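User: I am new to this structure and would like to go through it with you. Could you take my questions one at a time?

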Amino acid sequence: MARLPASGAGRAKSKPSAPRAAPAPTMPASTILGFLDRIEDATLAGWAVDTADIDRPLALRVLIDGQVADVIQCDLDRPDLRRLSLPNTKVGFQFAIPAMHQDGLRHVLTLATVDGRPVGLPGRGGFVLPELHFCLARQVRVDGVLDGLVDGLIQGWVLQVDERTGQKAGGARVVVSTNGQPVAELMADQFRADVAEALGADPACGFSWAPPPELRRGGGTLSFDFHVMPGRVALRGSPVELRMPGSAERERIEGLIEQADDLFRYAYRLRRELKAVLPAEGHSLASYRSWAARSQPLAEARIAARYGARADAPLVSVICPVYRPDHGAFVTAVDSVRAQTYRNWELILVDDGSGDARLTALMKRLADADPRIRVQARRANAGIAAATNRAIEAATGDFIAFFDHDDVLEPCALDAMMRAQAATGARLLYSDEDKIDRRGAFSEPNFKPDFNYRLLLDLNYICHLVVAEAALVRAAGGLDPQLDGAQDHDLLLRLVERLGAHEIHHVPEILYHWRITAQSTAGSGAAKPKAALAGAAAVAAHLKRRGLAARTERRGGLTCYRTSFRMSEDPGVSILIPYRDHIGMTRACVEAIRDVTRGARYEILLLDNWSQDEEAEGFAVEQGNLPDTRVIRIAEPFNYSRINNRGVEAARHPFLLFMNNDVFVSDPEWLRTMLNEALADPGVGAVGAKLLYPNETVQHAGVVLGVGGIADHSFRGLPADKPGYIANAIACREVSAVTAACMLVRREAFEAAGGFDEDGLSVAFNDVDLCMKIRQAGYRIIFSADAVCEHRESLSRGDDFDESKLARFMLENETMRERWDEALKRDPFYNPHFSREGGVYRDLRVIDPADVRRVSPPAPARFPAAPAAAAPQPRRRQAG
């Protein structure tokens, strides 16, 4: 058999490495004897025994590059050890180095007991097993593709296919070169669910790369070759040619950026598009690992700055159902609990009938190592819900933290949640999360919004980490075993039924790392199709308990649902359409409404703002003679706010639909869908539609406050059928604002907000301002992803950036800043870790703790989360 290379097979450093284990309570003194005496091919063998417990096989951690790769049992018979006078010779072990580490790179392997003690032989000064440095390569072939330029990054994927086993693994090295000279080396280990699902492969196989600024500055066209190492295999699709702007072009672009900053402080769209031509700076979702390396060390300080100290330290029960986990990942998970800076916790492990003697012994050792760990076992496997309920019954803490058997907590996770609980009085808390792979690398951050009930119906965006009052969890009845796979979504909905929005708090920090495995939903949304079906059933049951008629169905192959309310009321909608000339466009707009719309009673009010076309008068007469249609002539200079306010005065119905004359409908249910969203909850003040450009890309999917100065649309330019970040482009959700290009408003909410601002915001931002006033009056704003229309933006009023209109836009920009300065800095439905400069749901920022403000205890909730009975009416104020 081929031996491991001599250069690495037994090289010991002057000091043995300490495996990364959590601190443990003081243990009884004992000696761990052991030796590594065979290293052949990719297999290690040796022996080890605990002299204080010589009759029980010892369990060892195997750490590779500091990550727990496995837990092995020392229970193989070693008769050659009789010369050591051991009463029991079943102390041997064997370990095969995983294929993922046979990648031609140097790795470091160490051994330790489960509770972190070193292994070695006694003697003068003692002897500890050294680190094992190894470098192995398998017989593999390379499969991969260079996708090309995607979102400003060159992207692709690589799989190393083992010729012997057929295993398809990621983690390959990719060398980028130009003109024969290497310029970068990449690791193909980014998450690619599409590749994993299509090929049955390791999802950690993708890569992305942007040419560094020094290569871009020269200008011209550069060709980049991509080769997979060590065999220097050229990827399909390589080379890639990119045109770089030259110095003169760069100077011109930078000058335009400076001019845009000076003259168009509100013109964030133009600035973003120009900056996109230049080398990207800062962080984005594609460079999450480098962002995390900078940001995560500041998390603890940000938490302290945001929430302050907690005077008491209630017991937190961390409950963890266990069923046949990877032993290395399981030990890592337990280590992360033991490493918590918040010390008053208990960890309850419930073995759900795993039938694994090694696991049973390992759990006992972990419990022996820390008295805060308690182990319970079920005789037969009953599912994750039943095992979790068993843990809930055994929990003695005031709060319960839900934890999976192979995931990882940040060291400050429990401390952060309990500080937040003390500061806000919340009874249910959740944090941001990301994913962790087998190498311990982080990816796919889920930066969440503050509590968003409407989004929770379509998607379990809350997921991890969840901490709740123990009494609340028990009152909700624990988890439903009939909904295994979506048991957490179901529980969250039942908890929300008992809470007001002010009792649910989001801690905006990455505190939980969800383990990616081939079988988990962290690895792929399609990994557990039964879980998606169970989720739809959980939402349907929740809506039934609330007395709401609705249909819930899965959206494609995603663990995301379409919740379609079926309300019987038909109160009537007044559709208000301002226009000036563009008669052909306006006629096509209203004819589409009449030809298509079904299931809702409506009238059309055409607001003619001084049209001058020859056909305008004939059009007005033609439309005025049609049933349920009126033409109101407003012979005044263009003022969007005043035009619509005049239209509302004439409207007959309790719901108002503000619509541009360049918006076209094709779905018969478009209006009924928007109306049902409002009728399902009297706390909803406005509903916005999903608007698409004629090329089937997104123009509007909700508005985010503070981006680029005042606000920006979400997912602009995204293909219509793409889910967007965490499915936010296809899920209905609460937002801070929507565009009035197609916006349904409850009349009483419109009046409570005082209508559109005719004086300060005659053209720009008036819809954003109205939505913010509606929210201030106690109502919610909903983006309906299922009411889809086509929008040919701004045809009716021309170019907003015309120089003659600059003074007006500057004034309206400043009006918004003065009126809403604090609100624009913090959109509750847009995670604070996203940049406010641009790149909606893409660019990230590192938040300095000095910029974080202390959270004050919340005022009484004005919008209940999901009341079991009729919702109280929102507080109203007089129109002004």
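User: Is valine 337 buried or exposed?

Analyst: The model is a predicted one. In this model valine 337 has a relative accessibility of 0%, so the residue counts as buried.

User: Which helix is valine 337 found in?

Analyst: Valine 337 belongs to helix H8, which covers residues 327-338.

User: And what does valine 337 touch, leaving out residues up to four places away in sequence?

Analyst: Valine 337 touches Val318, Trp345, Leu347, Phe403 and Leu409. As for proline 411, that residue is 74 residues from valine 337 in sequence, while the C-alpha to C-alpha separation in space is 7.6 Å.

User: Let us step back. How many helices and strands does the chain have?

Analyst: There are 22 helices and 45 strands in the chain. The chain has 880 residues, and 57% of them count as buried.

User: What about threonine 586: buried or exposed?

Analyst: Threonine 586 is buried, because its relative accessible area is 0% and the cut-off for buried is under 20%. Its place is in helix H16, residues 583-596.

User: Which residues is threonine 586 in contact with, apart from its neighbours within four places in sequence?

Analyst: Threonine 586 is in contact with Tyr579, Asp581, Leu606, Phe619 and Asn661.

User: Changing topic: at what angle do helices H7 and H11 pack?

Analyst: Helix H7 (residues 299-307) and helix H11 (residues 413-424) pack at about 10°, and their axes are 9 Å apart. Angles under 35 degrees count as roughly parallel, so H7 is roughly parallel to H11.

User: Which residues make that contact?

Analyst: H7 contributes Ile303, Ala304 and Tyr307, and H11 contributes Ala416, Arg419, Ala420 and Ala423. By class, the contact of H7 with H11 has 6 nonpolar residues, no polar residues and 1 charged residue.

User: Cavities next. How many of 30 Å³ or more does the structure hold?

Analyst: The structure holds 5 cavities of 30 Å³ or more. The largest cavity contains about 130 Å³ of space.

User: Which residues lie nearest the centre of the largest cavity?

Analyst: Tyr453, Arg454, Asp681, Val684 and Ile782 lie nearest the centre, out of 13 residues that line the largest cavity. Two elements, helix H12 (453-458) and strand S44 (780-791), each give two or more residues to this lining. H12 supplies the largest share, 3 residues.

User: What is the lining of the largest cavity like by class?

Analyst: It has 7 nonpolar and 6 charged residues, with no polar ones.

User: And what volume does the second largest cavity have?

Analyst: The volume of the second largest cavity is about 80 Å³. Its lining consists of 14 residues, and Phe447, Lys448, Pro449, Tyr725 and Asn728 lie nearest its centre.

User: How do the lining residues of the second largest cavity divide by class?

Analyst: The lining of the second largest cavity divides into 10 nonpolar, 3 polar and 1 charged.

Terms used:
Residues are numbered from 1 along each chain as its sequence is written. This is a predicted model: local features need pLDDT of at least 70, side-chain atom pairs count only at pLDDT 80 or more; totals for chains, interfaces and linings use all residues. Side-chain values use heavy atoms; hydrogens and water are left out. On a 1 Å grid over the protein atoms alone, a cavity is a set of points where a 1.4 Å probe fits but cannot get out, and a pocket is an open set with protein on both sides within 12 Å along at least five of seven lines; lining residues have an atom within 4 Å of a point. Grid points are joined across faces, edges and corners, and a volume is the space filled by probe spheres set on the points. Helices (H or I, at least four residues) and strands (E, at least two) are DSSP runs, numbered from the N terminus. Ala, Val, Leu, Ile, Met, Phe, Trp, Tyr, Cys and Pro count as nonpolar, Asp, Glu, Lys and Arg as charged, and the others, Gly among them, as polar. Buried means under 20% relative accessible area, exposed over 50%, partly exposed in between (1.4 Å probe, protein chains only). Contact means heavy atoms within 4.5 Å. Axes are lines fitted to C-alpha atoms, for helices over the stretch in contact, and angles run from 0 to 180 degrees between N-to-C directions. Angles under 35 degrees count as roughly parallel, over 145 as roughly antiparallel, 65 to 115 as roughly perpendicular and the rest as oblique.
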